[in-house]
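Keep the viewer open as you read.

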Amino acid sequence: MKEWVHQLNKAFENRVRLGIMSVLMVNEAVSFNRLKELLGVTDGNLASHLRALEKLEYVEMKKTFLDRKSHTTYDVSTLGRKAFTEHLNALESLLKP
Amino acid sequence: MDQKEHIEALKDIRQMMQRSVRFLSLSGLSGIFAGIYALAAAYLAYLKLESGAGRTDARGTLIYLMALALGCLILAIGTAFFFTRKNARKKGLKLWDESAKLAFINLSIPLATGGLFAIALIRAGAIGFVAPATLVFYGLALINASRHTFPMIRQLGILEILLGLIAAFVSGHGILFWAIGFGLLHIVYGLFMYFKFERA
């Protein structure tokens, strides 16, 4: 059982996904453009990783309309927060001798 | 994944969390210059008051002091903008991003409140409380903004508040406390930030 807890999550092995989760863990309602700016990736690349995280229900997308312009923001879900924390713990425990 | 990759991953995570929340382009040089302007302004204010102008032309002196403080503030903000923009460019970051906005808004609320409060104090004739009040409100503004920039700004805020409170109970040394809080402390923290984060 202990072994299982300390397992790395495959979903976070990619650097872009790691970056997305890191930003969302400490910020609320982050826009697509803000994520793009912070991570320095292309639209397509970011979109595909966001979609993957959404599919796993780690990330939630929210669409609001501001002056008839759609504004998409992202938040980490409770499940995502739990999964990422476990991933972090696993990373740390692997570094301990 | 091996050990090295895990360390890289943790480093990435930490950097992303910090960069997305904290405005880290703020240059220490802006603090040093703000401090120098404040010391110069405090010296000019001291000379004016020593000349006895406060008794012969109270209104003129008050306007002179307020113009001095305002000029000092505008120069300090202008210089901060210049150095911070340079620093952001060097780091390849955008100057006006989400974290900069948050830091600015959180700084501005207590600061603007303090400014208006100081005007109310002047109107009420409580000139002696202007220096303590501006120090206390400035300290609160720094603490409020520190979550979105360098954590040491919080320390600076606490020192400003302490100084302001001491000044409030020790009357007659407003300019001295003002010079320490806005001059000396800015220079000390500016130097520290500059050598710790920009020269390295």
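Which residues of H5(A) are buried? They are A:Gly80, A:Ala83, A:Phe84, A:His87 and A:Leu91. Bear in mind throughout that this is a predicted model.

Look down the axis of H5(A) and the buried residues fall within an arc of 95°, so they line one face of the helix. The face turned away from that buried side carries exposed residues: A:Thr78, A:Lys82, A:Thr85, A:Asn89 and A:Glu92.

What sits over the buried residues of H5(A)? The cover includes H2, strand S2 (59-66) and strand S3 (69-76) of chain A, together with helix H1 (3-21) of chain B.

Chain A has an open sheet of three strands, ordered S1-S3-S2 with antiparallel pairing. Strand S1 (30-31) and S2 of chain A stand at the edges with a single partner strand each, so one side of each has no neighbour in the sheet.

S2(A) and S3(A) pair in the antiparallel sense over eight bridges. To pick out a bridge here, find A:Val59, whose partner in S3(A) is A:Val76.

## Where the chains meet

The contact between the chains takes 14 residues from chain A and 15 residues from chain B. On the chain A side, helix H2 (15-26), helix H3 (32-39) and helix H5 (78-95) each supply at least two residues. H2(A) has the largest share, with seven residues.

Sorted by class, the side of chain A that touches chain B has eight nonpolar, three polar and three charged residues.

## Chain B: helices end to end

Chain B is built with eight helices and zero strands. Its C-alpha atoms fill a box of roughly 80 × 25 × 25 Å along the principal axes. Of its 200 residues, 38% are buried. Take the contacts in chain B between residues at least 6 apart in sequence, and 73% of them join residues at least 24 apart.

A:Val76 has come up already, as the bridge partner of A:Val59.

## A loop residue to check

B:Leu24 is in the loop between H1 and H2 of chain B. Is B:Leu24 buried or partly exposed? With 18 other C-beta atoms within 10 Å, B:Leu24 is partly exposed, because a buried residue needs 20 or more.

Beyond neighbours within four places in sequence, B:Leu24 is in contact with B:Arg19, B:Thr149 and B:Phe150. B:Ile36 is twelve residues from B:Leu24 along the chain, and their C-alpha atoms are separated by 22 Å.

Notes:
Residues are numbered from 1 along each chain as its sequence is written. Chains are lettered from A and ligands numbered from 1 in the order in which they are written. This is a predicted model: local features need pLDDT of at least 70, side-chain atom pairs count only at pLDDT 80 or more; totals for chains, interfaces and linings use all residues. Two residues are in contact if their C-beta atoms, placed from the backbone, lie within 7 Å. Helices (H or I, at least four residues) and strands (E, at least two) are DSSP runs, numbered from the N terminus. Ala, Val, Leu, Ile, Met, Phe, Trp, Tyr, Cys and Pro count as nonpolar, Asp, Glu, Lys and Arg as charged, and the others, Gly among them, as polar. A residue is buried if 20 or more other C-beta atoms lie within 10 Å of its own, exposed if 12 or fewer, and partly exposed in between; C-beta atoms are placed from the backbone. The arc is that of the directions from the helix axis to the C-beta atoms. Two strands pair if DSSP finds at least two bridges between them.
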